[in-house]
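Welcome! Open your viewer, get ready to select residues, and follow along one stop at a time.

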Amino acid sequence: METVEWRVEFDAAVTFSNGGSLRVEGFRLDIPGEDISDAALGELFVRHLGLLMVGTVAIGGKRLIRESHKGSRGADASGPVSRKVVELGRVICDDMITHPGVSGPQISDHLSRITLVANTGVGIGGVADLEGIVVRLTGADDPAIERAALAAHEVTGRAVLIHTGWDRHWGSEDYLHGHPYLTADAVDWLVAQRPALVGIDSRNIDGTGPAHTALLAAGIPIVEHLFGLNRLPPNGFRFHAAPLAVAGVGTYPVRAYAVVGG
């Protein structure tokens, strides 16, 4: 079940004690409940941006939004969380299609036989118990995921799960075409930052670019076809995805899940 979370959109005017000012419009932050005072929001805004020598903060145009948290810095928005396991992979079923032109699995009652291509469901090189973060990019108009969309996040050594919302198209022709993907610049940034893994909730992390080649060459496994990333907090969970030990294949289905809290 999806957790109900709230964010706030607002305008802010900041003055600094050593001179200068800052104005923003339509800024959004995570909040711990469904309301927040102007004073508390001003403090949260200052912490989020790491502003120093602040004189005054004036808040205006405040609007509460029911929306998944994106991991605002300085905001302890999640509160205590009991331990739970969140499934992030699809159930493999007969004739399931995940890529155009790739036949789906065939499941037989005889000896419980399953015939499938390795690139079925969630494919990965194999990892377990990684610290995870979610990069929320839902609502973006452009399928291209640029470096700037990732740069605010601390990704080194973590499983970076990119939440685009594309999994809503699962099972339809739309899922197979026009999917979100990483640009070459975003891939270069990830390679330099050295995450433990990169995952996405679309069928392919590549558009026409070098994502698979560059990430795998850098020893960074890739997970595709994830779903339900909206059920994860922005951070504070452990990601698991381990395949069977099969020699000679570059991708294989896994049981992808996250352990939250506890």
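Start with the lining of the largest pocket, which by class has 11 nonpolar, 6 polar and 9 charged residues. Keep in mind along the way that you are looking at a predicted model.

**Stop 1: the largest pocket**

How much space lies in the largest pocket? About 610 Å³. To find its centre, select K70, G71, S72, A152 and H153, the closest to that point of the 26 residues that line the pocket.

Now colour residues 6-66 as domain 1 and residues 84-260 as domain 2. Why does the largest pocket lie between them? Both domains give residues to its lining, so the pocket sits between the two.

Next, show strands β2 (21-31) and β7 (127-136), as each of them supplies at least two residues of the lining. Which of the elements gives the largest share? That is β7, with 5 residues.

How can empty space be found at all? Rolling a probe the size of a water molecule over the atoms shows where it is left.

**Stop 2: aromatic rings**

Leave the pocket and look for ring pairs. A pair of aromatic rings is described by the distance of the centres and the angle of the planes. In this model the count comes to 4 aromatic pairs.

Select F10 and F45 and show their side chains. Their rings form an edge-to-face pair, 5.6 Å centre to centre, with 90° between the planes. F10 belongs to strand β1 (residues 6-16) and F45 to helix α1 (residues 38-49), so this pair ties together parts that are 35 residues apart in sequence. Are these two residues buried or exposed? Both F10 and F45 are buried.

Then move to W170 and Y175. Their ring centres are 5.1 Å apart and their planes stand at 75°; because an angle over 60 degrees counts as edge-to-face, this pair is edge-to-face. The two partners can be told apart by their accessibility: W170 is partly exposed, with a relative accessible area of 24%, whereas Y175 counts as buried at 2%.

**Stop 3: a loop residue**

For the last stop, select T183, in the loop between β10 (181-182) and α2 (184-193). Is T183 buried or exposed? Its relative accessible area is 11%, and buried means under 20%, so T183 is buried. Which residues does T183 touch? Leaving aside residues up to four places away in sequence, T183 touches A144, I145, E146 and R147. Show those side chains too, and your tour is done!

Key. Residues numbered from 1 in each chain as written. Predicted model: local features only at pLDDT ≥ 70, side-chain atom pairs only at ≥ 80, totals over all residues. Heavy atoms only, no water. 1 Å grid on protein atoms, 1.4 Å probe; cavity = no way out; pocket = protein on both sides within 12 Å on 5 of 7 lines; lining within 4 Å. Points joined across faces, edges and corners; volume = space filled by probe spheres on them. Helix = DSSP H or I, 4+ residues; strand = E, 2+ residues; numbered from the N terminus. Nonpolar A, V, L, I, M, F, W, Y, C, P; charged D, E, K, R; others polar. Domains from an automatic or database assignment. Phe/Tyr/Trp six-rings, centres within 6.5 Å; stacked < 30°, edge-to-face > 60°. Buried < 20%, exposed > 50% of the residue type's maximum accessible area, 1.4 Å probe, protein only. Contact = heavy atoms within 4.5 Å.
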